[in-house]
Amino acid sequence: MTTTKDMPTACRAVGFTVSGQNASYPEVRAMHRIVVIAVAPVPAFDLSIPELIFSQVEVDGQRAYDVRVCAAEPGVLESDGPFDVCVREGLEAVADADTVMVTGGMAREDVPRAVLSAVRTAAAAGKRVASICTGAFVLAEAGLLDGRRATTFWAKSELFRRRYPAVALEPDVLFVEDGLVLTSAGLAAGIDLCLHMVRSDLGAAAANTIARLAVVAPVRPGGQAQFIRTPLPAETDFSLAGTRAWALQRLDQPLTLTDLARHAQCSVRTLTRRFRAETGLSPLQWLLHQRIDRALELLEATELPMTTVAAHSGMGSADSLRLHLARRVGLTPTAYRRSFTRL
């Protein structure tokens, strides 16, 4: 994430403002307006994700986001399932948006020109533009992804690459953020993208709260693999869920691969193989992501010194904390606290 004067670009560019003498927790000027463009045949799951995630976010007891859905031709739209979808608003809704999202449309080639024009105009106006699943085909068709990094549903990646060679496609990740243009992979990766957007706008605590309400994993980094080739174990088979829960209670301790393997009662090699099968990450990568997330919450919710935040989150030192936060969110710990503190 790029920054200007220690404040996340996303907050400044898409309708959030930082209030208070010390630029404290972001308030919402009105509600941040998210307009979702439905492109037929509409994947009903994709269409439901923005409403599911954003409509539940609150700041100081007030809704933070207003989610609306529109289409090139309002009315009854064909879905990809055994039912149709009724969309009441037309593309004029895009003019009032702070963020514009495009759902998948089965990688259709005949995207309505009005939709392409709407997303181009939104991007030119500095609005955040995002896609879920094959909605990336719409952004690419509009020319918004030329020269950018992007992703889409892995099963359509070869078609996407042939059709849009000017896009730096990353076919094996959950989502990609390139400036104010964001793309996600298929299905549940859209949830990961929306949680990432909430996290960028309002901080880790807000995103984790919504993740708990939606009963989904709060942190799946964008670089995680879209799909795992090794099948997930059945509930009766060997699973590392208990070991991950055990580790989450001990993030402030110097956990090693041997410690994790001992708890799981397996070899380090088996631990590493199973961890990748269940999470898409190595054990140490997973631990680092959890520790960074713990540090972000401590920065938001406490006034603990940086050395104490680093110790409680297992980051080791203030220097290590600063390095990893800069890589994850583009901010120093002090700047992150200034922008997202809840105190």
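How many of the six residues of β5 are buried? Five of the six are buried, so β5 is largely enclosed by the rest of the structure. Buried here means under 20% relative accessible area, exposed means over 50%, and partly exposed lies in between, computed with a 1.4 Å probe on protein chains only. Helices (H or I, at least four residues) and strands (E, at least two) are DSSP runs, numbered from the N terminus.

The model is predicted: local features need pLDDT of at least 70, side-chain atom pairs count only at pLDDT 80 or more, and totals for chains, interfaces and linings use all residues. Residues are numbered from 1 along each chain as its sequence is written, and side-chain values use heavy atoms, with hydrogens and water left out.

**Strand β5 and its partners**

Two strands count as paired if DSSP finds at least two bridges between them. β5 and β8 run parallel and are joined by six bridges. β5 also pairs in the parallel sense with β11 (residues 99–102), over four bridges.

**Nonpolar cores**

In soluble globular proteins, nonpolar side chains tend to be buried together. A nonpolar core is a set of buried Ala, Val, Leu, Ile, Met, Phe, Trp, Tyr and Cys residues joined through side-chain atoms within 4.5 Å. The largest one has 39 residues, and Ile53, Phe54, Tyr65, Met101 and Val198 have the most contacts inside it. At least two residues of this core come from each of β5, α2, β8 (65–70), β10 (84–87), α6 (189–202) and α7 (204–214). Helix α6 gives the largest share, eight residues.

Contact means heavy atoms within 4.5 Å. Not counting residues up to four places away in sequence, isoleucine 53 touches Ile191, Cys194, Leu195, Val198, Ile210 and Ala214. A second, separate core has 32 residues, including Ile37, Val39, Val94 and Phe137.

**Backbone exceptions**

Most residues other than glycine have a negative phi, and most peptide bonds are trans. The bond from alanine 40 to proline 41 is cis, with omega near -5°. Proline 41 lies in the loop between β5 (32–37) and α2 (44–54).

Cysteine 133 is not a glycine, yet its phi is positive, at about 60°. This cysteine 133 sits in the loop between β12 (128–131) and α4 (135–141). Glutamine 265 likewise has a positive phi, near 60°, in a residue other than glycine. The loop that holds glutamine 265 runs between α9 (257–264) and α10 (268–279).

**Accessibility of selected residues**

Aspartate 46 lies in helix α2. Leaving aside neighbours within four places in sequence, aspartate 46 is in contact with Thr103, Gly104, Ile132, Cys133 and Leu187. The table gives the accessibility of aspartate 46 beside that of other residues.

| Residue | Relative accessible area | Class |
|---|---|---|
| Aspartate 46 | 1% | buried |
| Cysteine 70 | 0% | buried |
| Cysteine 133 | 9% | buried |
| Cysteine 266 | 19% | buried |
| Glutamine 265 | 74% | exposed |

A disulfide is a pair of cysteine sulfur atoms within 2.5 Å. The structure holds zero disulfides.
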